[in-house]
Protein chains: 2
Amino acid sequence: MNSAYLDDFLTFLRFPSVSTDPEQKHHVAACAEWVSAKLRHSGLQVEVHATGGHPIVVGRNEHRPGRRTVMIYGHYDVQPADPLELWEAPPFEPRVVNNIVFARGATDNKGQILAHILGIGETMREEGELPVNLIVLVEGEEEIGSEHLEQFLTTHREELRCDLIAVSDTGMVGQGHPTFTYGLRGIAALELKVTGAATDLHSGIYGGAVANPAMALARLLSCLHDSEGRIAVPGFYNGIPPLESWEREAWAKLPFGDEEILAVTGAPELFGEAGYTSLERTWARPTAEVNGIGGGFQGVGTKTVLPREAFAKLTFRLVPGQNPEVVMAKVRVHLLAHCPPGVKLEMTGGHAGEPYVTNPNSPDGVAAQRALKRAFPGKEVALIREGGSIPIVNTFKRILGVETLLLGLALPDCRAHAPNENFPLENFEAGIRLNRALLQELARLT
Amino acid sequence: MNSAYLDDFLTFLRFPSVSTDPEQKHHVAACAEWVSAKLRHSGLQVEVHATGGHPIVVGRNEHRPGRRTVMIYGHYDVQPADPLELWEAPPFEPRVVNNIVFARGATDNKGQILAHILGIGETMREEGELPVNLIVLVEGEEEIGSEHLEQFLTTHREELRCDLIAVSDTGMVGQGHPTFTYGLRGIAALELKVTGAATDLHSGIYGGAVANPAMALARLLSCLHDSEGRIAVPGFYNGIPPLESWEREAWAKLPFGDEEILAVTGAPELFGEAGYTSLERTWARPTAEVNGIGGGFQGVGTKTVLPREAFAKLTFRLVPGQNPEVVMAKVRVHLLAHCPPGVKLEMTGGHAGEPYVTNPNSPDGVAAQRALKRAFPGKEVALIREGGSIPIVNTFKRILGVETLLLGLALPDCRAHAPNENFPLENFEAGIRLNRALLQELARLT
């Protein structure tokens, strides 16, 4: 490992660039400045753009006609570190143990975006120029919903025009196993509030004559699935293309499946939609989940109250072929139709994001796979989707009109968003190789 | 109104005899002493018995062979007064407004037990003796589960031997409408805990492959009822005798029913077990209620978590013919049989109390009805059951082997256990008349 690279990585990790914390605002700004200096040092021209929130750093080489334009996107902000007591060492004092770097942001996303920046610098030093017109966009609000990015993309659409975008912020199926993510689930949030009497009531005096909102809520939630784990909302699955056989076959061969999910989650057994494997259920099938439920007495022991209200916070994960608005309208109709007597049901929509899928065997997809093979020599590339949602990918498509290649380097046990986040130096080095190979492979398609 | 009686009432109410609050322990003790002095002043011999908690005060006249022995039971402790900000005046500074006394404990139970004590004093002063052998037992832990009463009854069983017990701590169907309560529901508590993965999971990464405990809990709760409000546990209703036609007819004529329940509760509409009226549902039919439910994210907005666990606190109200142990065993079997895959269900039983019913047309019941008519001249006596549970009534039956007459004076809007608790002076005076008439009517049965 080039010791200057490691020094850069550790320096980057020492900034407590927690975007959600107003107290860290100056650290976030200092981190943006550090990134801009690093990009400049790699040979790019850099601008730091102020926003209503944290700065957006944009670097670019000298663009020349006739070359493809590639944008690399990443973020320098990190999740909060709490609960602090579960960290084995302070989260912003990075440690290297057995060639693994432990610190908040190690995987998400400082290790991955820095590998790209260092790869660019290597190419510039060795070749004097890059094989493509490059834009590097590093924002500071990814962990808080990229609040100011959409406006920025719109305002600067002309300067940001490109042929495709590459992002390293997704996962690998296992150590050393290069992974190309070609699909993400969308999301739609819905909060249910069921109200009954004007106040909590004595369950002895009124129980039996006045409907119980918590019981009514339970009936509503239970009407969302059938007994085999399928979503029971009429038309919910409309428009979803069947999984292709190559996907099912490829996923079945991956070194990650039921056994690993059971081990990682500690669930007593796995359960989901009938007819699909766990990977198919999480990557390619929609879900309806309760994220939180509450109502009535929350203390220790018993309080014989008939609660006045109960709530459930739901999110639905959606897959390609589903439109969040259309699907959520069906869900609302279904819930209203199943609302038990004696209570009122209020539904409040929340954030929504479209699902995403790109063709992994498009010319760019094939180029990306070749680059991944060069970064991890001798290994087959896993073609996967992921169950999470990255709304910015659809924002890129809508505003800039281009596809995004998801070439992530996060391992299943990287602990992103959790205590003891970590990133192996092996992946950091592979990321530098990946950047160099990717720009070369994409340049070939000119 | 005898002004000395009113003075006594207001003095009694000024003791903040909140049994659950260790800081008020000396006030509770002082209140017990005041009650003992009052009983002594009424002409009884009195003992104040220390317990592991608050004292039990027992007064008795000179018992003579050949007379019936009657115990009057009540309590001098009160519920906490909070939320204080909802009181229109300080809860322990009683005020008389439009002949209604406002203070914590006015109805529950100080006004009602003091009326008995003053009635006894009147008879003693006017007649020189009581028509029965009397025991007055006033405890200080009713509002915290009568923790030390059962042991006391067992230890003192011989001295407390009696033919029946009278209690004024239940409700009236309306102002001026004398009410005899001949049945109470029982209760059984059960807490459900549904667990899935070892920690909260990302609902994008794992949602679909790992069961959601909150969703599983909803399915479990919804299997407790059918769509018409009947409890769906096999055998749940076994052994419950049908309502008698005189009960259904009498209750249908009461000046309290659906309209009043809607007005008091503010529920959007009433709903309960098909085939029964609201009064039948609350007084004579069992229920399964969620008192509290919780799990996962409880904050504002969205957190896309798949909760590791969810809980529901249930209480079942039971009616005569049902045995709590037998019924709860059926409930557990039913829930276990319906537990969805992928989660673990733990069930923890809580307190339980038998239902109670006595024959209102027994000789003692008829005597009580005559006494109620004399206390409220010109009015018919309402024969009702109540939906709540008073476990001490079954304790009396088990240890002392006698029935309890429930001759309550609480109005539907008395706000017992709530801010602005109140008791009309009219009911206080009726209570004094009731005591005198009751002892005379019961004495006639000798």
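In the predicted model, the side chains of A:R230 and A:D226 meet in a salt bridge, with N to O at 3.0 Å; a salt bridge here is a side-chain nitrogen of Lys or Arg within 4 Å of a carboxyl oxygen of Asp or Glu. The model is predicted, so local features need pLDDT of at least 70 and side-chain atom pairs count only at pLDDT 80 or more, while totals for chains, interfaces and linings use all residues; side-chain values use heavy atoms, with hydrogens and water left out. Residues are numbered from 1 along each chain as its sequence is written, and chains are lettered from A and ligands numbered from 1 in the order in which they are written.

A:R230 also forms a salt bridge with A:E228, where the closest N and O atoms are 2.5 Å apart. A:R230 is partly exposed, at 29% relative accessibility; the term covers values between buried, under 20% relative accessible area, and exposed, over 50% (1.4 Å probe, protein chains only). A:D226 is likewise partly exposed, with a relative accessible area of 27%, and A:E228 is partly exposed at 42%.

A further salt bridge joins the side chains of A:R374 and A:E441 (2.9 Å, N to O). This pair links distant parts of the chain, 67 residues apart: A:R374 lies in helix 10 (residues 363-375) of chain A and A:E441 in helix 12 (residues 425-444) of chain A. Helices (H or I, at least four residues) and strands (E, at least two) are DSSP runs, numbered from the N terminus. A:R374 counts as partly exposed at 37% relative accessibility, whereas A:E441 is buried, with a relative accessible area of 2%. Salt bridges that share partners also join A:E122, A:E126, A:E127 and A:R436 into one network. Over all chains, the structure holds 44 salt bridges.

Between chain A and chain B, 76 residues of chain A are in contact with 77 residues of chain B, contact meaning heavy atoms within 4.5 Å. The area buried between the two chains is about 5,600 Å², of which carbon and sulfur atoms give 58%; buried area is the accessible area (1.4 Å probe) that two parts lose on being put together, summed over both. The largest share of the side of chain A that touches chain B, 10 residues, comes from strand 11 (residues 287-296) of chain A. Across this interface the rule finds zero salt bridges.

A:R281 is found in helix 8 (residues 278-283) of chain A. A:R281 is buried yet has no salt bridge, and the nearest side chain of opposite charge, A:D258, is 6.2 Å away; Lys and Arg count as positive and Asp and Glu as negative, with His and the chain ends not counted. Leaving aside neighbours within four places in sequence, the contacts of A:R281 include A:R185, A:F271 and A:Y276, and also B:G207, B:G208 and B:A209.

In chain B, B:L314 is found in strand 13 (residues 309-318). B:L314 is buried, with a relative accessible area of 2%. Beyond its neighbours within four places in sequence, B:L314 is in contact with residues including B:L190, B:L192, B:L221, B:L224 and B:V290. The C-alpha atoms of B:L314 and B:F180, 134 residues apart along the chain, are separated by 30 Å.
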